[in-house]
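Thank you all for coming.

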Amino acid sequence: MLWPLTRRRHVTNAHLAQRVALIRQQNPESERWLMLVEAAFAEADDSQAWADAVLNVANERPIRAPLLHQSQIAVRRRVLHRWLREVLELAAVDHLGRSLSRTLEPVALLEAAVSQDDDNMEALAGAVGVERPALSVVGQIAALPLLQTCGRALAAQVPSSWCEGYCPVCGAWPTLAEFRGLERKRWLRCGRCATGWEVPWLHCPFCGETEHTNLGYLAPEDGETTRKVEICDSCKGYVKAEPTVKPLAAWEIVLDDLATVPLEVAALDRGYHKPERPGFGLDARVVGT
Ligand SMILES: [Zn+2]
Ligand SMILES: [Zn+2]
């Protein structure tokens with residue numbers, strides 16, 4: 001897919017802008033993805049409209065279900081349409097963007113993206129004649145401002161001892177692990193809603209393995225040595241890890257993920273992978289108002 005590099009959203013967060021400029025310089029091939037990420041965080045930060053989304057979480061959920069499971073989220077149609085149009089313009093070929101924004105149902109796309117529902121995403125992609133992976137990217141970026149809002153709104157309700165490997169708010173697998181502060185406590189972080197949850201040092205988020213002989217890490221041979229990839233030989237899962245002084249900002253999680261693609265490639269080359277299915281099959285409803 002050819003993506004035009006025509007528009008760039010102004011970013012008001014100076015730290016974010018600086019970091020984006022650096023990654024842009026070092027990884028020119030990431031330009032398109034960077035533009036989308038930049039736009040999504042500008043939207044999440046600027047737009048009061050997303051903070052106005054009405055979130056109704058279920059009073060009773062299955063015991064291991066994330067907070068958004070069986071929730072209903074009401075978003076303003078006007079805000080969503082405007083934002084999705086912007087994402088489509090940034091992400092797709094011009095004519096495709098325009099025709100997609102006419103035929104795609106934004107609420108359905110947002111719901112499939114929030115729930116990480118591949119079957120629904122496939123059906124939506126088929127209906128508008130695009131490839132599912134391309135529409136998934138659009139959906140994940142489109143859902144980011146809403147998921148960030150949900151993460152902030154639900155932060156106080158995250159159980160202090162969450163033993164699952166998936167995000168306690170949105171059910172996604174962790175984007176990275178932080179070794180935080182002097183004590184080097186291990187926190188998993190979600191790149192979608194920015195939620196963090198503390199986990200034991202020896203614990204695979206994907207299969208629950210705790211046996212140290214099956215857990216290890218890969219470190220770069222040269223250059224930067226603080227970042228590494230945690231690996232599990234039981235399920236062949238991996239997660240990137242880095243030391244942090246304090247919790248990473250939401251945008252830092254996404255940009256650090258982007259800046260450490262070589263680590264990812266090293267893990268994939270050695271036969272490690274991320275699970276294909278999401279950590280938890282979220283059933284969340286998005287409605288337009
Ligand atoms: Zn999450
Ligand atoms: Zn594992």
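Predicted model: local features only at pLDDT ≥ 70, side-chain atom pairs only at ≥ 80, totals over all residues.

If we set aside its neighbours within four places in sequence, Leu110 is in contact with Val75, Leu80, Ala142, Ala143, Leu146 and Val286, where contact requires C-beta atoms, placed from the backbone, within 7 Å. Residues are numbered from 1 along each chain as its sequence is written, and chains are lettered from A and ligands numbered from 1 in the order in which they are written.

Leu110 is also among the residues with the most contacts inside the largest nonpolar core, which has 80 residues; such a core is a set of buried Ala, Val, Leu, Ile, Met, Phe, Trp, Tyr and Cys residues joined through C-beta atoms within 7 Å, buried meaning 20 or more other C-beta atoms within 10 Å of a residue's own. Helix H8 (residues 132–154) gives the most to this core, with ten residues, helices being DSSP runs of H or I with at least four residues. Domain 1 (14–157 + 282–288) and domain 2 (176–269) both contribute residues, so the core lies between them; these bounds come from an automatic or database domain assignment.

Taken over C-alpha atoms, the centres of domain 1 and domain 2 are 24 Å apart, and their contact takes 13 residues from domain 1 and ten residues from domain 2. On the side of domain 1 that touches domain 2, H8 supplies the largest share, five residues.

How values were computed. Buried ≥ 20, exposed ≤ 12 C-beta atoms within 10 Å, placed from the backbone. Helix = DSSP H or I, 4+ residues; strand = E, 2+ residues; numbered from the N terminus. Contact = placed C-beta atoms within 7 Å.
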